[in-house]
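Open your viewer and get ready to select some residues. We'll hop from one stop to the next and say what is there each time.

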Amino acid sequence: MNIFELLKYTVDEGCSDLHLSSGEKPIVRKNGDLIRLEKEIVLTNDAVKEMLHKIMTSEHRELLEKQCEVDFSYAADNIARFRINVFRQAHGLSAALRSLAFQTPTLEAMGLNAKVFKKICEYPNGLVLITGATGSGKSTTLAAIINYINSIKNRGEHIITIEDPVEYIFKSDQCLIQQRELGRDTRYFHDALRAALREDPDIIMVGEMRDLETIRLALTAAETGHLVFATLHTRTASSAIDRMIDVFPGNEKDMI
């Protein structure tokens, strides 16, 4: 199968991920398990490169050459959107492709307690953290929250998202939504977050709080009247506070 047939197979079979690796047959993840596509041939480095170049822009290829890895999103016509990480490893080029629905999810469709989340969306300011392990649905939950706020009649707020990469595409409805992607629209989360404070936002969505400066700026934004939504890689909500405090220098921990 070519790259587009593999993407379609991934979605049609209800798989969450597709893995392409030099020296391996294509592999998909379904219901948490990795499944090797035994009918496919073992991929050479050139074969993986040819497949990926069909869905990468020249900018993506340049970043890959420079940094040895690159994150981006790709919309396959009539199939789905994909969040993609391409990287180099011992045997050559590899890629992990996560399938995403074209349709932005709703709180109800995700099986979340919509009443609780809708109440959270009414907060005038503060920091709301969505926590969980990799693949637990943090980004999808954030998308459902933004989608709901955007649908509230006469909400009329300015929402800025900072993502790596942009996963779900929002269309401004009741709110003005502007989506910024790392690498394409800004260099770092903290640069975009610092700039966002000068861009008249009401709500800021941070795809991931990765470092001290991003966490510091997110707290500042929340304290200065903005509603900030962000994700954090912790297994429990209660451990998120400790994780945030731990990144600060010793003389600042008591102030958090």
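What follows is a short tour, stop by stop.

Before you click, note that this is a predicted model, where local features need pLDDT of at least 70, side-chain atom pairs count only at pLDDT 80 or more, and totals for chains, interfaces and linings use all residues. Residues are numbered from 1 along each chain as its sequence is written, and side-chain values use heavy atoms, with hydrogens and water left out.

**Stop 1: the two domains**

Colour residues 3–100 as domain 1 and 107–252 as domain 2; these bounds come from an automatic or database domain assignment. Their centres, taken over C-alpha atoms, are 28 Å apart.

Now look at where they touch. Seven residues of domain 1 are in contact (heavy atoms within 4.5 Å) with nine residues of domain 2. The two domains bury about 710 Å² between them, with 52% of that on carbon and sulfur atoms. Buried area here is the accessible area (1.4 Å probe) that two parts lose on being put together, summed over both. Select Arg81, Arg83 and Leu100: in domain 1 they lose the most area to domain 2, together 57% of what that side buries.

**Stop 2: links across the interface**

How many salt bridges does the rule find across the interface of domain 1 and domain 2? There is one. A salt bridge means a side-chain nitrogen of Lys or Arg within 4 Å of a carboxyl oxygen of Asp or Glu.

On the domain 1 side, the elements giving two or more residues are strands S4 (69–76), S5 (80–89) and S6 (92–100). Strands (E, at least two residues) and helices (H or I, at least four) are DSSP runs, numbered from the N terminus. S4 gives the most, with three residues.

**Stop 3**

S4 and S5 pair in the antiparallel sense over eight bridges, where pairing needs at least two DSSP bridges between two strands. Click Ala76 and you'll find it opposite Ala80 in S5. The hairpin of S4 and S5 has three residues between the strands, and there Asn78 takes a positive phi near 60 degrees.

Move along to S6: nine bridges join it to S5, again running antiparallel. Val86 has Ala95 in S6 as its bridge partner, and the hairpin from S5 to S6 goes through two residues.

**Stop 4: over to S1**

Select Arg98 and Asp17, a salt bridge with closest N and O atoms 2.6 Å apart. Arg98 lies in S6 and Asp17 in S1, so the pair ties together parts that are 81 residues apart in sequence.

Next, pick Ser21, also found in S1 (residues 17–21). Its side chain makes a polar contact of 3.4 Å with that of Ser94.

**Stop 5**

Most residues other than glycine have a negative phi, and most peptide bonds are trans. Zoom in on Cys68, in the loop between helix H3 (58–67) and S4: Cys68 has a positive phi of about 70 degrees although it is not a glycine.

Finally, find Pro165 in the loop between S8 (158–163) and S9 (176–181). A cis peptide bond joins Asp164 to Pro165, with omega about -5 degrees.

Technical notes. Polar contact = N/O pair within 3.5 Å; in protein donor to acceptor, adjacent residues only side chain to side chain.
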